[in-house]
Amino acid sequence: MSPTVLLALVSPAVAIVIGLWGFRRSTRADKLRAFFELQERYIATDVRAGRRALHRLVKDRSSDEIPMLDQDVLRSAGYSLAIMNAIAIACEGRYVDQDLVARSMGRSFAAAIESAKPYIDYLEKVRGFRPYPFAERLAAKFLAADLKQRQRPRPDRTFQASAPIPTANGEGKSGDSQT
């Protein structure tokens, strides 16, 4: 087989491999960029204030008590939940890496949704549907993963006194000696 024929046969395959590698790399970069944009929204002052209101003012109430709360509190909580629902939609649509979202804000996200249950229940009564289904679904995944993580046995990380301790001259010294 001549080098020209070999080059003609191999070149398209190499081009396809390079194209796929470049596409995968750009897709990962796009996902990372989208994650940082969502994280910026999640930690914005007004969204944090809404999550704080959910924890402090909504959490231990019944859905019947929610209309008695200040309208600014409800607006702030609703805005935070809308942002969280958008994050969940991005995760479900695979526009961002769900594992990265879970590691970055998973516990906070799940705790805020849990605190928002009375507010969401109230909105369901008023509107006839649950308005933040994506956020609730994602929070349930995060809670289940966190529970699974906590149930996993942890390795023993205690200090072993008999392990050699490096010294300045490079020799090991026993940890249980009294010098």
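**Helix packing, a pocket and a cavity**

The largest cavity has a volume of about 40 Å³. This is a predicted model, in which local features need pLDDT of at least 70 and side-chain atom pairs count only at pLDDT 80 or more, while totals for chains, interfaces and linings use all residues. Residues are numbered from 1 along each chain as its sequence is written, and side-chain values use heavy atoms, with hydrogens and water left out.

Q: Which element gives the largest share of the lining of the largest cavity?
A: A cavity is a set of points on a 1 Å grid over the protein atoms alone where a 1.4 Å probe fits but cannot get out, and lining residues have an atom within 4 Å of a point. Here the lining consists of A88, C91, E92, Q98, F134, R137, L138 and K141. Two or more of these residues come from each of α3 and α6. The largest share, 4 residues, comes from α6.

Q: How many charged residues are in the lining of the largest cavity?
A: Asp, Glu, Lys and Arg count as charged, Ala, Val, Leu, Ile, Met, Phe, Trp, Tyr, Cys and Pro as nonpolar, and the others, Gly among them, as polar. By class, this lining has 4 nonpolar and 1 polar residues, and its charged residues number 3.

Q: Which element gives the most to the lining of the largest pocket?
A: A pocket is an open set of points with protein on both sides within 12 Å along at least five of seven lines. D99, A102, R103, M105, G106, R107, A110, F142, L143, A145, D146 and Q149 line the largest one. Both α4 (98-115) and α6 (133-151) give two or more residues to this lining. With 7 residues, the most comes from α4.

Q: How much space lies in the largest pocket?
A: Grid points are joined across faces, edges and corners, and a volume is the space filled by probe spheres set on the points. For the largest pocket, that space is about 310 Å³.

Q: Are α2 and α3 roughly parallel or roughly perpendicular to each other?
A: Helix α2 (residues 45-58) and helix α3 (residues 71-92) have axes 8 Å apart and pack at an angle of about 115 degrees. Angles of 65 to 115 degrees count as roughly perpendicular, under 35 as roughly parallel, over 145 as roughly antiparallel and the rest as oblique. The two helices are therefore roughly perpendicular.

Q: How many nonpolar residues are in the contact of α2 with α3?
A: Contact means heavy atoms within 4.5 Å. Residues of α2 including V47, L54 and L57 meet residues of α3 including V73, L81 and M84. By class, the contact has 3 polar and 2 charged residues, and its nonpolar residues number 11.

Conventions. Axes fitted to C-alpha atoms, helices over the stretch in contact; angles between N-to-C directions.
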